[in-house]
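Thanks for making time this morning.

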Amino acid sequence: MIIVTTLDATPDDVDRIRERVESLGLRTHLSRGETHTVIGCIGDEEKLDHLPLRSLPGVAHVHRVMKPFKLAAREFAAGPSRVSMGDVEVGGQDLVVIAGPCSVEGEEMILESADAVRAAGGKGLRGGAFKPRTSPYSFNGLGVRGLELLAQARERSGLPVVTEVMDTRQVQDVAGHADVLQVGARNMQNFALLTEVGRVHRPVLLKRGMSSTIRDLLLAAEYVMKQGNMDVILCERGIRTFETATRNTFDLAAIPVLKAETHLPVIADPSHAGGRRELVAPLSFAAIAAGADGLMVEIHPEPSQALSDGDQSLDFDEFREFMVGLQPFAAAAGRRLSVGDRTPARAAVTG
Ligand code: PEP
Ligand code: MN
């Protein structure tokens with residue numbers, strides 16, 4: 001159930017409405033827009049059926065959300081949500097670029113990568129410490145050591161860190177080191193994991209499962225939000241189709257569809273979508289034009305030596321050029337993007 005307030009509702013009116021709803025054992029969530037406030041009611045809606053909500057001062061409309069997902073539904077908030085990643089906001093006017101290696105492979109490479117991301121104007125550092133790999137014989141990440149290196153890279157660069165959590169048993173460790181918990185495509189419907197990340201106070205970057213519909217993705221977000229964690233960022237990263245020319249099929253239409261269906265921020269991952277470095281820029285341009293709030297891109301100091309996803313990783317020079325190339329697209333989409341100064345991306349790592 002959603003309660004929309006009148007234009008002249010006072011803070012006292014809003015408090016009284018919330019108190020009435022909460023007195024019946026439901027929770028409320030407040031979303032203040034420029035003209036009105038939306039009060040989302042979470043819990044057993046049937047209890048509200050007999051409450052004369054419309055007669056309370058300050059109430060303009062009351063309606064049920066008929067969609068299968070409620071908290072994620074566009075109507076649940078007064079406007080687009082912004083999710084804070086450290087002091088960076090995703091979902092506002094800034095086009096937020098998160099970049100870094102597929103996997104954290106060692107100290108020097110992650111520190112260098114963080115420098116390269118920051119120098120080029122990236123706003124977040126990615127890097128996998130726990131890696132979901134198709135083969136159990138592939139490099140599966142440095143684990144907790146990788147998390148420590150990411151924390152060190154954040155310390156040095158000031159960039160918030162995004163890293164994947166694969167299992168409920170890793171949630172506390174990952175939340176203890178990272179600014180954003182990534183739930184990967186393979187785990188998008190791991191409901192125990194979604195519930196667990198919903199219980200911690202860290203934003204969640206939820207990647208679309210490779211054979212998941214948009215509805216599945218929104219219901220997965222709903223699992224996290226139902227636990228009280230409303231800070232979810234959705235990520236389109238391509239889905240599996242019969243096409244074999246690209247690693248996945250980038251579902252461009254998912255971006256405007258999601259933006260219409262949900263208030264949550266939506267970003268795109270062109271690296272996993274295309275699987276090839278030459279596709280990263282064109283898919284990113286398209287994503288920006290389609291309304292993406294940000295991008296997540298894989299880079300590596302020496303892609304040919306990468307322990308995972310080298311083919312789709314940009315080197316540092318390519319990344320800097322890529323960022324410059326984004327600018328006209330960001331401007332055309334009405335997005336702010338500050339591309340970094342021309343500081344050499346491969347500054348020496350001193351410790
Ligand atoms: C990743 O971001 O490195 C990753 C494994 O992505 P996905 O879950 O989208 O495959
Ligand atoms: Mn990867």
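Lysine 67 and glutamate 261 form a salt bridge, in which the closest N and O atoms are 3.6 Å apart. Lysine 67 sits in the loop between β4 and β5, while glutamate 261 belongs to helix α7, so this pair ties together parts that are 194 residues apart in sequence. Lysine 67 is partly exposed, with a relative accessible area of 24%, and glutamate 261 is partly exposed as well, at 26%. Please keep in mind throughout that this is a predicted model.

How many salt bridges does the structure hold? There are 24 of them, and I will pick out a few.

One joins the side chains of arginine 154 and aspartate 179, with a distance of 2.7 Å from N to O. Here arginine 154 comes from helix α3, and aspartate 179 from the loop between α4 and β10, so the parts tied together are 25 residues apart in sequence. Arginine 154 counts as partly exposed, at 22% relative accessibility, whereas aspartate 179 is buried, its relative accessible area being 17%.

Another salt bridge links arginine 208 with aspartate 251, where the closest N and O atoms are 2.8 Å apart. Both residues are in loops, arginine 208 between β11 and α6 and aspartate 251 between β12 and α7, so the pair connects parts that are 43 residues apart in sequence. Is arginine 208 buried or exposed? Arginine 208 is buried, with a relative accessible area of 4%. Beyond such pairs, Glu45, Asp49, Arg64 and Lys70 are joined into one network by salt bridges that share partners.

Let me turn now to the ligand. The residues around ligand 1 include Cys102, Arg126, Lys131, Glu164, Lys207 and Glu298, and by class the shell has two nonpolar, three polar and seven charged residues.

Which atoms of the protein come within reach of the ligand's oxygen atoms? A polar side-chain atom of glutamine 182 lies 2.9 Å from an oxygen atom of ligand 1, and a polar backbone atom of alanine 185 is 2.7 Å from an oxygen atom of the ligand. For histidine 272, an N or O atom in the side chain is 3.3 Å from a ligand oxygen atom. Taken on its own, ligand 1 has 300 Å² of accessible area, and the protein covers 97% of that.

Technical notes:
Residues numbered from 1 in each chain as written. Chains lettered and ligands numbered in written order. Predicted model: local features only at pLDDT ≥ 70, side-chain atom pairs only at ≥ 80, totals over all residues. Heavy atoms only, no water. Near = heavy atom within 4 Å. Polar contact = N/O pair within 3.5 Å; in protein donor to acceptor, adjacent residues only side chain to side chain. Areas by Shrake-Rupley, 256 points an atom, 1.4 Å probe, with all protein chains shown as cover. Nonpolar A, V, L, I, M, F, W, Y, C, P; charged D, E, K, R; others polar. Salt bridge = Lys/Arg side-chain N within 4 Å of Asp/Glu carboxyl O. Helix = DSSP H or I, 4+ residues; strand = E, 2+ residues; numbered from the N terminus. Buried < 20%, exposed > 50% of the residue type's maximum accessible area, 1.4 Å probe, protein only.
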